[in-house]
Amino acid sequence: MRAFLAVDVNKELLEKIGEVQKQLAKAEAPIKFVEPENLHFTFKFFGDISREKADEIVGMLSEKTKNYHPFEVSLKGVGVFPHLGYIRVVWIGVEDPDQFSKMQMDFDGEFIKMGFKKERSYIPHLTIGRVKGAQNKEALVSVINELETVEIGKTTIKNLVLKESELTPAGPIYTDVKDFQL
């Protein structure tokens, strides 16, 4: 299965995120926006894994998440990957991401032991759109600059979810495999 570990977005923030997507759409750039039901923070992308490897991940996470408690983060600011000169991904950031990042690095140490690649540099972010070309890039950059400090709101990180991703011509379909409470 094609799998990843995610943090879902609280439903209360979806409307505000949708407003940001509408503002970005005004640039009339070729952006494929992430549907509200698919919005999440990717904690770790595993790629194609066997059921045995999924079971190993579930076992580790069941134990490791016991060491963590829910914590609050503020979603703030729009940014891009890799950079404004060449935009592929548009995201919403996390203000004061230290706790989020420390937890990810701790878990990543366990994933490395399982044979997964180390994350180069983990920046907690919520992908809200993927840019499919350079049309109207100047207008898009202008809107992104306007949204650089937009405040979305606070959310409490209470759990991690192992998800399966099925790629279809209409877009990905995510299925929750296992939920891990902090």
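Guide: Of the 182 residues in the protein, 47% are buried. This is a predicted model, in which local features need pLDDT of at least 70 and side-chain atom pairs count only at pLDDT 80 or more, while totals for chains, interfaces and linings use all residues. Residues are numbered from 1 along each chain as its sequence is written, and side-chain values use heavy atoms, with hydrogens and water left out.

Visitor: Why is Arg 130 called partly exposed?

Guide: Buried means under 20% relative accessible area, exposed means over 50%, and partly exposed lies in between (1.4 Å probe, protein chains only). Arg 130 has a relative accessible area of 39%, so it is partly exposed.

Visitor: Where is Arg 130 placed, and which residues does Arg 130 touch?

Guide: Arg 130 belongs to strand S6; a strand is a DSSP run of E with at least two residues, a helix is a run of H or I with at least four, and both are numbered from the N terminus. Not counting residues up to four places away in sequence, Arg 130 touches Pro 30, Ile 31, Lys 32, Val 34 and Arg 88, where contact means heavy atoms within 4.5 Å.

Visitor: How many helices and strands are in the protein?

Guide: The protein has four helices and nine strands, in the order β-α-β-β-α-β-β-α-β-α-β-β-β along the sequence.

Visitor: What makes the protein as compact as a globular protein of its length?

Guide: The radius of gyration is taken over C-alpha atoms, and the globule rule is 2.2 Å times the number of residues to the power 0.38. For 182 residues the rule gives 16 Å, and the protein has 17 Å, which is close to that value; therefore it is as compact as a globular protein of that length.

Visitor: What is the volume of the largest pocket?

Guide: The volume is about 1100 Å³. On a 1 Å grid over the protein atoms alone, a pocket is an open set of points where a 1.4 Å probe fits, with protein on both sides within 12 Å along at least five of seven lines; lining residues have an atom within 4 Å of a point. Of the 33 lining residues, the closest to the centre are Thr 42, Phe 45, His 125, Thr 127 and Arg 130.

Visitor: Which element gives the largest share of that lining?

Guide: Strand S3 gives the largest share, six residues.

Notes. Points joined across faces, edges and corners; volume = space filled by probe spheres on them.
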